[in-house]
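This report goes through some features of a protein structure. Please look at the sequence and the structure before reading on.

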Amino acid sequence: MEYVRLGASGIKVSRICLGMMSYGSPEHRPWHLDIDDARPIVRRAAEAGVTFFDTADMYSLGRSEEITGELLRELFPSRDDYVLATKVYNPMGEGPNDRGLSRKHIMAGIDASLRRLGTDHVDLYQIHRFDHETPIEETMEALHDVVRAGKARYIGASSMYAWQFAKAQHTAEAHGWTRFAAMQNHYNLLYREEEREMNPLCLDQGVGVIPWSPLARGLLAGTRDRDRTGPTVRAGSDPLVEKWYADAEFSIVDAARAIAEERGVSPAQVALAWLLSRSAVTAPIVGATKIGHLEDAVAAVGLTLEEKDVSRLEAPYRPRPIMGHS
């Protein structure tokens with residue numbers, strides 16, 4: 001495993017981040033794993049040197065945070081041995097203040113997350129989306145106060161337009177508040193619109209990019225056919241595949257498969273190796289419901305693609321509508 005700084009910050013993270021969204025209650029999503037099924041995967045991640053783990057309050061309505069906290073306490077001798085990230089924004093109740101990025105919800109959200117995680121702080125506290133209803137000044141000051149209170153070491157953001165992110169950063173800088181250290185955005189071989197503005201902005205400003213859905217919800221793993229279906233439980237119960245990738249260039253998937261066969265590796269390794277080679281990317285957030293998924297991600301860290309392979313992967317791409325901001 002390799003370890004790098006998160007953007008220009010001082011904290012170092014593993015080049016693979018294990019996404020914990022897949023662990024929760026099967027009643028919430030049929031492909032979610034309960035704690036006993038998640039344990040061997042997270043244990044293997046720890047053994048492989050993964051130290052970066054990402055969850056969110058809304059994943060399985062808090063159950064993912066509970067599982068994450070319990071497993072990390074089991075598997076690591078010290079709280080300082082891993083980097084823990086979670087997120088706030090999405091609804092966690094029926095009340096009008098149980099969502100969004102108001103000061104009220106952020107302060108309630110961080111305390112609830114810490115209780116579920118069983119820790120006194122998270123290393124990275126992220127806003128899950130942009131809140132159009134709350135003044136950005138209110139949000140950034142509240143996040144700054146979370147850091148000042150010692151409940152988070154750094155703050156981050158997730159999918160939004162580059163102008164929104166720049167506005168938030170400027171607001172924080174103008175008031176002497178904490179700036180975002182990370183951007184968790186939608187970025188993979190089938191969706192590269194972030195290369196136009198967000199990734200260059202992050203690279204220029206020293207913000208670490210930690211992409212979500214690096215395998216395009218399994219399409220780039222080569223486990224789904226051109227009709228976006230496949231043999232896995234998630235393939236048959238994930239409507240976002242059709243929503244986001246119905247018009248994607250499947251020839252990119254074909255190229256990943258061909259290169260994988262030539263190199264004697266999996267298509268997932270090829271797709272992740274491409275992402276890891278992007279200059280703005282710190283660590284892709286990889287979901288794993290099988291040990292093999294985790295093994296592919298770790299192996300990708302050591303896979304270097306040739307220039308001609310990169311060209312084959314990138315050539316078929318066509319501009320896409322903006323997706324994942326809501």
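How many cavities of 30 Å³ or more does a search of the whole structure find?

## Cavity

The search finds one cavity of 30 Å³ or more. On a 1 Å grid over the protein atoms alone, a cavity is a set of points where a 1.4 Å probe fits but cannot get out, whereas a pocket is an open set with protein on both sides within 12 Å along at least five of seven lines; lining residues have an atom within 4 Å of a point. Grid points are joined across faces, edges and corners, and a volume is the space filled by probe spheres set on the points.

This is a predicted model, in which local features need pLDDT of at least 70 and side-chain atom pairs count only at pLDDT 80 or more, while totals for chains, interfaces and linings use all residues. Residues are numbered from 1 along each chain as its sequence is written, and side-chain values use heavy atoms, with hydrogens and water left out.

The largest cavity has a volume of about 30 Å³. Its lining consists of Leu-6, Ile-11, Val-13, Phe-52, Val-83, Asp-123, Leu-124 and Tyr-154. Seven of these residues are nonpolar, none is polar and one is charged. Here Ala, Val, Leu, Ile, Met, Phe, Trp, Tyr, Cys and Pro count as nonpolar, Asp, Glu, Lys and Arg as charged, and the others, Gly among them, as polar.

## Second largest pocket

The volume of the second largest pocket is about 160 Å³. Residues lining this pocket include Tyr-89, Pro-96, Arg-99, Asp-131, His-132 and Glu-133. By class, the lining has three nonpolar, five polar and three charged residues.

## Cysteines

There are zero disulfides in the structure, a disulfide being a pair of cysteine sulfur atoms within 2.5 Å. Cys-17 is in no disulfide, and the nearest cysteine sulfur, that of Cys-202, is 16 Å away. That distance is too far for a bond.

Are Cys-17 and Cys-202 buried or exposed? Buried means under 20% relative accessible area, exposed over 50%, and partly exposed in between (1.4 Å probe, protein chains only). Cys-17 has 0% relative accessibility, so Cys-17 counts as buried. Cys-202 also counts as buried, because its relative accessibility is 0%.

## Helix 1

Helices (H or I, at least four residues) and strands (E, at least two) are DSSP runs, numbered from the N terminus. Helix 1 covers residues 35-47 and has 13 residues. Ile-35, Ala-38, Arg-39, Ile-41, Val-42 and Ala-45 are buried in helix 1. Just after helix 1, Gly-49 has a positive phi of about 100 degrees.

Methods
Expected span 1.5 Å × (residues − 1).
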